[in-house]
Every structure is written in structure tokens, then in C-alpha cells.
Amino acid sequence: MANLFLNQAKQYAGTRPAYPMELFEFIASKTPRHDLAWDVGTGSGQAAASLAKLYKDVVGTDTSAQQLSYAPRLPNTRYVHTPPDLPLERLHADVAPPGSVDVVTVAQAFHWLDLPRFYAQARSVLRAAPHGVLAAWCYTEPRVGAAVDAVFWRLYNASQPHWAPNRKMVDDEYRSVDFPFDPTAKEKGVEMLDDDRVKDFAAAWGGDREEVKTVRYPIFLRIGKVRPAESDA
């Protein structure tokens, strides 16, 4: 399912919702140092660009070269195209040496990862406990207003059979996912938007359809610090 984004990389880069700077400032407040951030599944670099304002250096990785081609080029940010099964040796050579990363972030991509493998990778590059931090978040469905939301949810509920099983982690707001870190806070598409649903949205939007409405995407964050090794506990 993640591969579906490859064919629409340009549109995805231009239309994906932006994250509020307050989110990154909160995450940065949990790391004692601000030398290096690793953004996993960086896509077209939305999160990496914000991290670059708070950390001395940022590295963004993604399995899609197409997505990375639309990421903003910044003086303190580099992007690395990585395979899905990136071995630790290559991670340490191409992304970051062991114990050098202040924060690992995953924006709207956590549910696509092989979590046991990813957790091992993250622990290997994060600073030792309690300084290294992992932060993963997702946004759920947009909120506009009662009328528009009602139409949207009819469409979304009808689309459920066509989503990858991983998507259920987002619907669950990452609440039940195994998260072994000490918390600091808490190719084929299916046409679902038929003429009737378009008319429903138009009627719910109201006015002459030129009216501008604020669309909000709720964000849900899991954030935690590296745990001490058992021998150190």
C-alpha cells in the first residue's frame, strides 16, 4: 500500500498537511542536545524541514527516491535513499554512527515499518539513556464542520475494505502499538468519490463553493526515551 504514494509523489508533496511548529518544539524540548535528528520515512521532507530549524543537522531517509526528489534542499539537511531491509552496518555508515542521534522521528509512516527491526535500528543510533528520544506521530481524518464531516465519514467508512491492514494503527491513533520506550508524553486505486458523494460534499460545504473553510487534522504522538540496558538498570 505504501507503494501507492510513489506514483503521485508530486501531488503528495504539494497537498500533504503541514505539521505545526509547536509539535517539533515540544519534541525538541525532550532532548538535552540538538545536534542530530534522523527522520525516518521522510517522504518529501515535511518533518525534516521543520526539524532543521531546531537541530544542527538532520538526515531524512526513505525507500522512495521519487518522494525524496521533492524534499527541500537545506544546508543542514541531507537525504538518503535506503532499502526497506537496511542492515545495521549500512545504517551506521550511510545514516548515523552508533549513539550519535538525539531524536528519531517518524511522521505518518510508523504503521508501514517492521517495528522490531526498526526499534533495533533506532536504539543502535540514539544516544544512551535517558538522552535519546523516539517520536512517532500520525494525523487522522480531517475536521471541517458538522455538515462536511458527516459526508466525509460516510465516504471514509465505505472505503475501509480498500485500506491496507496497517492503516488500522492510524485509526487506533497508535494507542495500542507496542512502544518499548519510556514515555515522556503521550499500485491500484479504488474510485470512491462518485457523483453523489461529490454533490453531498458540495451541499455540505454550502455557499457558492468558493467559501474558504479551515480544515484541521488531529495529530497523535507517541514519544519516549531510550531505556537503560538491563545490565545498567
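Trainee: Which way does helix 5 pass helix 6, left-handed or right-handed?
Mentor: Helix 5 passes helix 6 in a right-handed crossing, where right-handed says that the near helix is turned clockwise from the far one by less than a right angle. This is a predicted model, in which local features need pLDDT of at least 70, side-chain atom pairs count only at pLDDT 80 or more, and totals for chains, interfaces and linings use all residues. Residues are numbered from 1 along each chain as its sequence is written, and side-chain values use heavy atoms, with hydrogens and water left out.
Trainee: OK, and which residues meet there?
Mentor: From helix 5, Leu 88, Leu 91 and His 92 meet Ala 120, Gln 121, Ser 124 and Val 125 of helix 6, with contact being heavy atoms within 4.5 Å. Sorted by type, the residues of this contact are four nonpolar, three polar and no charged.
Trainee: Switching topic, how many residues of strand 2 are buried?
Mentor: Five of the six residues in strand 2 (residues 57-62) are buried, so that strand is mostly covered.
Trainee: And how do strand 1 and strand 2 run, parallel or antiparallel?
Mentor: Strand 1 (residues 36-40) and strand 2 run parallel and are joined by five bridges, and Ala 37 has Val 58 in strand 2 as its bridge partner.

Technical notes:
Helices (H or I, at least four residues) and strands (E, at least two) are DSSP runs, numbered from the N terminus. Ala, Val, Leu, Ile, Met, Phe, Trp, Tyr, Cys and Pro count as nonpolar, Asp, Glu, Lys and Arg as charged, and the others, Gly among them, as polar. Buried means under 20% relative accessible area, exposed over 50%, partly exposed in between (1.4 Å probe, protein chains only). Two strands pair if DSSP finds at least two bridges between them.
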